[in-house]
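Student: I am new to this structure and would like a friendly walk through it. Could you show it to me?

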Amino acid sequence: MRNQKIKEAIAAVTQKQKALRSIYVQFLTVNSVAFVFAGVYALLIDPSLEVVGVLLVITLFVQAALATFIADILYKINGEELNKNARADYKRFYKNVFINAVVKSIDGKFNYEPAQGISRNEFLKAQIYRELEFRSEDLISGVYNNVKFQLSEAIGEKRKYATSTNIYVISFMAIKAMFDIYMDFKGTVFVCEFYKTFKGVTILADKKAMNTKMIGEKEVLDDTEFNNEFRVFTDDKIEARYLLSPGFMQHLREVKQGFDNAVSLSAAFMDDKFYLFLNGAKNRFESSLFAPPPSLADAQTIKDEISQLLRIIDELNLSIDVYK
C-alpha cells in the first residue's frame, strides 16, 4: 500500500514536470522572440544607435508588449497560463507530493513541512559551529519509539562582501569568501527530545572538520577508533561514559560511514536533547524542472537515510536506560 502511494506520487510529479517544462520552454521562446522584435524595432528607429538610453527604454517596453501579446495567444491555444515561475512551481509540487509520500511511507503519523525547519537559536545552542545566518527548511517531525524528533535542512545564507577596485582588497575578500564557505554549516540537523534528564553537556566534534568546536576540556574514551574520529568535550565524565555506550558509538560511526567523505558528523547532549549535525550532507529533498523525474530508487534512498538516523534513538534509549 505504501509503495503504491509512492508510485502514484511519482506518476503525478512526472506528469506535472512534463507540463511545466513545456510551459517554461514556451515562456523562454516568447521572451526570445520579443527580444528579437524589439531589437529590430530599435534599429529601425535609429540605425546609428546614438540615443542608447532612449532605445533601451523603448526596447524594454516593446519586448514587454510583444511578450504579453504572444503569451496571450499561447494561453488561448494551450489552455494553461504561461508562468515564468514554472521552476519554483515544480519544486513545490515535488516536495508536497513526492517527498511527503516518502515520509508518510515511513510512518503515517510523521509530519513534513517543506517551508519549516530548525530555529537559529536551537541550532546555535550546542556551540559546535560559529554563528551564522541561515535558512532552514524540509522539516520532518514526529514520535519514534516514544521520542519526539525533528529533522531539517539548514543552509547558510550568502554573505555580502565589500566591493573595491583595489587588488589587495579584492584578493582579501576572495580569500575570506572561500574561508566562509568552508566554515559555515550547510547540511542536515537531527534533534531528539528525551523524557529523561541530562545533568551535563557532552559534545562530539568531528576531528576531520576544522570548523567545529576545538577548545575545552576533552575526555578520552576506551574506544580507540572513536577517539581517532571525534573530539569529546563534557562537564560530566561519568554521564558521558554512560551516554556514549559501545553500541551507540558504533552506530554513530556507521551513520558517518554511510555518507561520503565530504560529510562531517558532530553531535551534542544537552537540555534533555540529542543534536546531530551532518555538515556537507546532500539535500535529498530538492529537485529541478529539468532533472530526471523521481523514482522508487530515489524514494528508497531517502527512506534509508531517515531510518538510519531514527535508529540512533534505539541505541540512545538503551544507553539512557542503563544510565538511569
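Student: How far apart are the end C-alpha atoms of helix α8, residues 246–257?

Tutor: Helices here are DSSP runs of H or I with at least four residues, strands are runs of E with at least two, and both are numbered from the N terminus. The expected span of a helix is 1.5 Å times one less than its number of residues, so the 12 residues of α8 should span 16 Å. The model agrees with this, as the end C-alpha atoms of α8 are 17 Å apart.

Tutor: A word on the source: this is a predicted model, where local features need pLDDT of at least 70 and side-chain atom pairs count only at pLDDT 80 or more, while totals for chains, interfaces and linings use all residues. Residues are numbered from 1 along each chain as its sequence is written, and side-chain values use heavy atoms, leaving out hydrogens and water.

Student: Which residues of α8 are buried?

Tutor: Buried means under 20% relative accessible area, exposed means over 50%, and partly exposed lies in between (1.4 Å probe, protein chains only). An α-helix has 3.6 residues a turn, so residues three or four places apart point the same way. In α8 the buried residues are F248, M249, H251, L252, R253, V255 and K256.

Student: Is N146 buried or exposed?

Tutor: N146 sits in the loop between β2 and β3. Its phi is positive, about 65°, although N146 is not a glycine. With a relative accessible area of 60%, N146 is exposed.

Student: And what is the relative accessible area of N145?

Tutor: N145 also lies in the loop between β2 (134–144) and β3 (147–156). Phi of N145 is positive too, near 55°, in a residue other than glycine. N145 counts as partly exposed because its relative accessible area is 41%.

Student: Which backbone oxygen does the side chain of T234 reach?

Tutor: T234 belongs to strand β6 (residues 230–234), and its relative accessibility of 9% makes it buried. A polar atom of its side chain lies 3.1 Å from the backbone nitrogen of D236. At 3.5 Å, the T234 side chain reaches the backbone oxygen of V201.

Student: What percentage of the residues of the protein chain count as buried?

Tutor: The secondary structure of the chain comes to nine helices and eight strands. The chain has 324 residues, and the share of them that count as buried is 44%.

Note on methods:
Polar contact = N/O pair within 3.5 Å; in protein donor to acceptor, adjacent residues only side chain to side chain.
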